[in-house]
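Have a look at it first.

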Amino acid sequence: MAKQWDNNQDHHSFANVEQIRVSHLSLAVAVDFGQQRLTGTAKLTLNYLDEQCCHLYLDSRDLVIHSVRDDKNNRLDFHFDKHDATRGQRLHIQLHANSANITIDYHTSANAQGLQWLTPEQTSGKQLPFLFSQSQPINARSWIPLQDTPKARITFDAKVDVPQGMRAVMSAMNDANAPLNGQFLFEMEKPIPTHLLAIAVGDLQFGSLGPRSGVYAEPEVLDSAVSEFEDTEQMINTAESLLGPYPWGRYDMIVLPPSFPFGGMENPRLAFMTPTLIAGDKSLVSTVAHELAHSWTGNLVSNATWRDLWLNEGFTTYFTHRIVEAVYGKEQAQLELVLEYGRLAQELASMPIAAQTLPANVQAGDPNEAFNRFTYDKASMFVHDLEKRLGREAFDAFLNAYVSHFAFEAITTEQFIDYAQQTLLPQYSDVLSEAELLEWIYGTGMPPWFVPPYSNSLDKVDALLMSWYANGDISPAQTTDWRVHHWQYFINSLPEQLSHQQLQQLDSAFRFSHSTNAEIACDWYRVAIRNHYDVVLPLVETFLLNIGRAKFVRPLYAELLLAGYRQPLMAIYQQARARYHPSLVAQLDKQLGV
């Protein structure tokens, strides 16, 4: 019999949040680049839900705990009493009667999965080292001992000591004018899930984008980042018109080194961005819109467990299209929607049918596996379907009420359904039934009534492909008005099998192999690899050695493995492994059987 999971429980946390909740974190750490570790204290304010509870369970991974003291400075007994390959270690602390807070002295290990330490040579400036975190989904526990679950929101303050001349920033209010004297103070007075805790330290400068937005980056990258992201303030205004006032005060970003494993990370007040977004033509800035949209769906209203990730990513992906439509026009938004469905269609063909639901049923496994096309793109298609049924005006009113109702809360899939049963279904029973709602959420594959998105802007791409198949002629003159999205669609519409002559013809006409747009280059390399177009292999090696974004890296390694290039693949990985973020390394080691 299949195991019956408690869908209200966060199976990826050891924390006893139903008995005691940590409400505030006061953090004081020193950043030691020489030993690659953080050393300091974490003071946790406790809220007792069960007054009789006398033990506290915290999440940790590879932390060295020196001591635990209560609010009267009494030493408390502690030990690690559970170990798990996915969750790390459970830190069991024996409390004295109703301790108001506890202080933990600790340091991190050099292999903390939530931190990446870069040498000066791995940065743009080559002069100073760099540190940055990636806490999502469950890596905050590798640099702070805490209740590492989105169910337990916390406020925090922090004091961070760094080498003089370097700047520290966090997912809190940052002061761009703070002196580089070796100490930085931070405060986040609004409760956030622990996976949104973030820190970065390096040679960072600030560029303003508007009255409440800006970007931090290494000096060599700053000007191009400011130019690429100059529409951010307009995006904020657009998002507010959809979802209500921006709730976090400022929306700053930081452009991280190329080893950052994601396109973006929605850390409040300091969204983390990959430099691969800087294409020079704003063609990839929908990621900025995506992380901004998370300010409401994900940061304000959060998933209670990683099974419920679709509530974050599906609504945010939908809102991304709305922001892009308002700022860059309906054509671009529709093109991005078609490409989004293309990615989903690929995963529909390869993912086991039982996994093709909106809730990512990862309770027994790695929560990183929740980040698939179903929690993003199928969920987005569901939200688009709701808009189509209700009409945009009515749907916007529902979403605004939904976000307001659950502000600063973490909810489960079932809580969303309960809310929809009380609001959406009674009001719009003529266009949406409960059975249809549940089919979208719990059903596998796509609902039988679903019609894939379409853009007539892609007709010219289909026409060129058909002409090429028919007569073998192709010319750059036929593509002068194409956007990046047309090129992505073109490459992803190519047949699985192509001759070297065909590949050479395309490469000669459009120079795909040497594209400076990482999206196009990655898509092309995958086509070339599967067809053993070996001329690209040195370029693929350079790409994998210089970019650590998981969206590109994992598919390229998978393609090389599938095409029989295991020996050169492992040679590349041996060189590149130390340059990748530890969380990505853990996934690649498993993927490649290292």
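**A buried aspartate**

Contact here means heavy atoms within 4.5 Å. Setting aside neighbours within four places in sequence, Asp308 is in contact with Asn303, Ile411, Thr412 and Thr413. You'll find Asp308 in the loop between β19 (301–303) and α4 (310–328); helices (H or I, at least four residues) and strands (E, at least two) are DSSP runs, numbered from the N terminus.

Is Asp308 buried or exposed? Asp308 counts as buried because its relative accessibility is 0%; buried means under 20% relative accessible area (1.4 Å probe, protein chains only). Its side chain makes polar contacts with the side chains of Thr305, at 2.9 Å, and Thr413, at 2.8 Å. A polar contact is a pair of N or O atoms within 3.5 Å, where one must be able to donate a hydrogen and the other to accept it; residues adjacent in sequence count only if both atoms are side-chain atoms.

**About the model**

This is a predicted model: local features need pLDDT of at least 70, side-chain atom pairs count only at pLDDT 80 or more, and totals for chains, interfaces and linings use all residues. Residues are numbered from 1 along each chain as its sequence is written, and side-chain values use heavy atoms, leaving out hydrogens and water.

**A mixed sheet**

Five strands make up an open sheet with mixed pairing, ordered β14-β15-β16-β18-β17. Strands pair if DSSP finds at least two bridges between them. At the edges sit β14 (205–210) and β17 (264–265), each pairing on one side only. Strands β16 (residues 251–255) and β18 (residues 271–273) run parallel, paired over three bridges, and Ile254 stands opposite Phe272 in β18.

Definitions and conventions:
Buried < 20%, exposed > 50% of the residue type's maximum accessible area, 1.4 Å probe, protein only.
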